[in-house]
Amino acid sequence: MSAPTAPTVPTAASPLSGAGRPGSPDLLRSVFRQHAAGVAVITAQDGGRPVGFTATSLNSVSADPPLLSFTIGTGASSWPAVRDSEFLGVHILGEHQRELAGLFARSGADRFGPDTGWAVGPHGIPVLDGVLAWLVCRVVARVPAGEHRVIIAQAVVGDPAGEGRPLLYHQGRFNALRD
């Protein structure tokens, strides 16, 4: 008598079948379009002027000490401020903030114009209004990674008490969670 077999579940092609595509920037982008990521805005001061950008690469690194990471391209307009700042702001966006995410993602946009609610927070860092949560962090490392840098920062102060549900980035668009 043979043992019953488990039902099969459709899966991606086996890596052993040789059906995969060669590694490339296009392959990496295509694969990560399938990965839903939370949406954050990173802020800093650049000579007394607020700067910021949308990031979907935010990760928790360690609880003790409280470390996080994100990446930024060295060609990004915010890179000089991130490169030179001791402190940065990290803002977790809610699903009600799609327009804000798009604003901070657009090159050449007036990100801190009259329609953007914000205030100067701890360590002079711009803190955005209405976010789900925010942190001000001290940069502890800037690690080269191709044409990007992985920024590792330690949380020094913040507020997790915003209301709402998180905004997600998936398939090249900002999305809300579905029940």
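**Entry 1: Pro144 and its partner**

I looked up Pro144 and found that its bridge partner is Arg149, in strand S10. I keep in mind that this model is predicted. Next I checked the two strands involved. S9 covers residues 133-145, and S10 covers residues 148-159. They run antiparallel, and 11 bridges join them.

**Entry 2: The sheet around S9 and S10**

Which strands make up the open sheet that holds S9 and S10? I traced seven, in the order S3-S2-S6-S9-S10-S5-S4. The pairing is antiparallel. I then looked for the edges. Strand S3 (49-55) stands at one edge and strand S4 (59-62) at the other, each pairing on one side only. From one strand to the next, the twist averages 35 degrees. A reminder to myself: strands of a sheet pair through backbone hydrogen bonds, either parallel or antiparallel.

**Entry 3: A three-strand sheet**

I found another open sheet, with three strands in the order S1-S11-S12. Its pairing is antiparallel. Why does one side of S1 and of S12 lack a neighbour in the sheet? Strand S1 (37-38) and strand S12 (173-176) stand at the edges and have a single partner strand each, so one side of each stays without a neighbour.

I zoomed in on S1 and S11. S11 spans residues 167-170, and two bridges pair it with S1 in the antiparallel sense. I picked out Gly38, whose bridge partner in S11 is Leu168.

**Entry 4: Helix H3**

Across which strands does H3 lie? I located helix H3 at residues 98-105. It lies across S11 and S12, at about 160 degrees to S12. H3 also lies across strand S2 (40-46) and S3. There I noted an angle of about 110 degrees to S3.

**Entry 5: A surface patch**

I turned to the surface. Leu28, Val31 and Phe32 form a nonpolar patch there. Together they have about 310 Å² of accessible area. Val31 sits in helix H1, which covers residues 25-32. Is Val31 buried, exposed or partly exposed? Its relative accessible area is 46%, so I count Val31 as partly exposed. The cut-offs I used: buried is under 20%, exposed is over 50%, and partly exposed lies in between.

**Entry 6: The whole chain**

I listed three helices and 12 strands. Of its 179 residues, 32% count as buried. The accessible surface comes to about 10,900 Å², and carbon and sulfur atoms hold 55% of that. I also checked contacts with a separation of 6 or more: 61% of them join residues 24 or more positions apart.

Key
Residues numbered from 1 in each chain as written. Predicted model: local features only at pLDDT ≥ 70, side-chain atom pairs only at ≥ 80, totals over all residues. Heavy atoms only, no water. Patch = residues over 30% accessible without salt bridge, like charges linked within 9 Å, V, L, I, M, F, W, Y side chains within 5 Å. Areas by Shrake-Rupley, 256 points an atom, 1.4 Å probe, with all protein chains shown as cover. Salt bridge = Lys/Arg side-chain N within 4 Å of Asp/Glu carboxyl O. Helix = DSSP H or I, 4+ residues; strand = E, 2+ residues; numbered from the N terminus. Buried < 20%, exposed > 50% of the residue type's maximum accessible area, 1.4 Å probe, protein only. Pairing = 2+ DSSP bridges. Contact = heavy atoms within 4.5 Å. Axes fitted to C-alpha atoms, helices over the stretch in contact; angles between N-to-C directions.
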